[in-house]
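Please look over the sequence and the structure shown here before reading the explanation that goes with them.

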Amino acid sequence: DNEVDLLLGRMKTAAAPIRDVLRQIYGRLSQLGEGKVADYIPELAQANPNDFGISLCTVDGQTIEVGDCQKMFTIQSASKPFTYGLAIEDHGCEAVLQKIGVEPTGEAFNSIVLDETSNRPFNPMVNAGAIATADLIKGTDYPDRVKRMLATFARYCGREIFVDNAVFLSERTTGHRNRAMAHLMRNFGMVGDKFEESLELYFQQCSLLVHAHDLAVMGATLANGGINPVTQEQAVSTETVKYILSIMLSCGMYDYAGEWAFRVGLPAKSGVGGGIVAVVPGVLGIGLYSPLLDDKGNSRRGVEACIELSRRFGLHAL
Ligand code: DON
């Protein structure tokens, strides 16, 4: 059918219809019970380990998906590239670079480490960098900043987006490490006077409810130069997309980023909720959901599915 023709035309090697390939991958990886649901935020431990969804959305807005693609979960760190884009649009790239670096850390996502020479967090994909990013979101007051953040995600998803209040409260009452990092960055002037509100903003951003289909549409929006292919709304400028995708490629998968770039070769971002968003520029977005995480905090089935999708369809960027 039409969607398959489109993909066949753009991808290097698609031997079988796309949906069949997704079903095969889904069938094989459903059996993979390894990994562990995140429990360091108590509310995340409620996730169903059997949920698994793979969703593709093309740059002309067609969807191909298998499994639990409408099952809601919290976006967590998969939100980070999108607020980074908003910060760049609010302040310009150079001003953001003054506060947040663009170097991979090779460290865990919650590591308490700043660049010794500049005192900046290493990149916007680790928690410290994401908190500094949240601090850059403009607004007339705190509610307005939250509103602008939510509106950004709504443009990417093409629907209204809401915070899971239980997860948000769970994050903010247990987020001592994030608070400590925010204070450390306040000491170095990397965040401003309103940093406590920025922390709240960060906790809200992590607690946004999405499903795998949303992540595919968000990825497709980036693949499509910033225009949501379903609604045709411009979510972000084409120039900013370039910066977002670069940071996703180098830093999006925590301390697995190097091996990810090697094996999958696509800009992507994972979250401890079990979501992964990946981007094939000019072609499609990929949204994955399975809450069973590996020891680096990436969705185990999600990573395996991307390795296989990349291999089967020749999606590696290089
Ligand atoms: O800051 C936290 O602890 C989380 N809300 C960040 C979530 C996340 O996904 C980071 N790593 N996977």
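The paragraphs below go from the domains to the ligand, and then to a hairpin, a helix and some individual residues.

This is a predicted model, and its domain assignment gives domain 1, made of residues 2–76 together with 208–313, and domain 2, which covers residues 79–206. The C-alpha centres of domain 1 and domain 2 lie 22 Å apart. Contact between the two domains involves 34 residues of domain 1 and 34 residues of domain 2. On the side of domain 1 that touches domain 2, the elements that give two or more residues are β5 (209–210), α10 (212–223) and α11 (238–251), and of these α11 gives the most, with seven residues. Sorted by class, that side of domain 1 has 19 nonpolar, ten polar and five charged residues.

The residues around the ligand are Gln76, Ser77, Phe109, Asn110, Asn127, Glu171, Asn178, Cys206, Gly271, Val272 and Gly297. Divided by class, the residues of this shell are three nonpolar, seven polar and one charged.

A hairpin is the next feature to trace. Strand β2 (residues 53–58) pairs with β3 in the antiparallel sense over five bridges, and serine 55 stands opposite glutamate 65 in β3. Between β2 and β3 the hairpin has four residues, and glycine 61 in the turn has a positive phi of about 85°. Strand β3 (residues 63–67) is mostly covered, since four of its five residues are buried.

Turning to helix α6 (residues 142–157), one can check its length against its residue count: at 1.5 Å a residue its 16 residues should span 22 Å, and its end C-alpha atoms are 23 Å apart, which agrees. The buried residues of α6 are Arg145, Met149, Thr152, Phe153, Arg155, Tyr156 and Cys157. An α-helix has 3.6 residues a turn, so residues three or four places apart point the same way. What covers the buried residues of α6 includes α3 (80–91), α9 (195–206), β5 and α10.

Just after α6 comes glycine 158, which takes a positive phi of about 75° and is found in the loop between α6 and α7 (165–174). Glycine 158 is buried because 20 other C-beta atoms lie within 10 Å. When its neighbours within four places in sequence are left aside, glycine 158 is in contact with Val217, Asn228, Val230 and Thr231. By comparison, the C-alpha atoms of glycine 158 and cysteine 251, which are 93 residues apart along the chain, are separated by 26 Å.

Two further residues have a positive phi although they are not glycines, and is each of them buried or exposed? Glutamine 232, with a positive phi of about 65°, lies in the loop between α10 and α11, and it counts as exposed because it has 10 C-beta neighbours inside 10 Å. Tyrosine 254, with a positive phi of about 55°, is found in the loop between α11 and α12 (257–263), and it counts as buried because it has 24 C-beta neighbours inside 10 Å.

Note on methods. Residues are numbered from 1 along each chain as its sequence is written. This is a predicted model: local features need pLDDT of at least 70, side-chain atom pairs count only at pLDDT 80 or more; totals for chains, interfaces and linings use all residues. A residue is near a molecule or strand if its C-beta atom, placed from the backbone, lies within 6 Å of it. Ala, Val, Leu, Ile, Met, Phe, Trp, Tyr, Cys and Pro count as nonpolar, Asp, Glu, Lys and Arg as charged, and the others, Gly among them, as polar. A residue is buried if 20 or more other C-beta atoms lie within 10 Å of its own, exposed if 12 or fewer, and partly exposed in between; C-beta atoms are placed from the backbone. Two strands pair if DSSP finds at least two bridges between them. Domain bounds come from an automatic or database domain assignment. Two residues are in contact if their C-beta atoms, placed from the backbone, lie within 7 Å. The expected span of a helix is 1.5 Å times one less than its number of residues.
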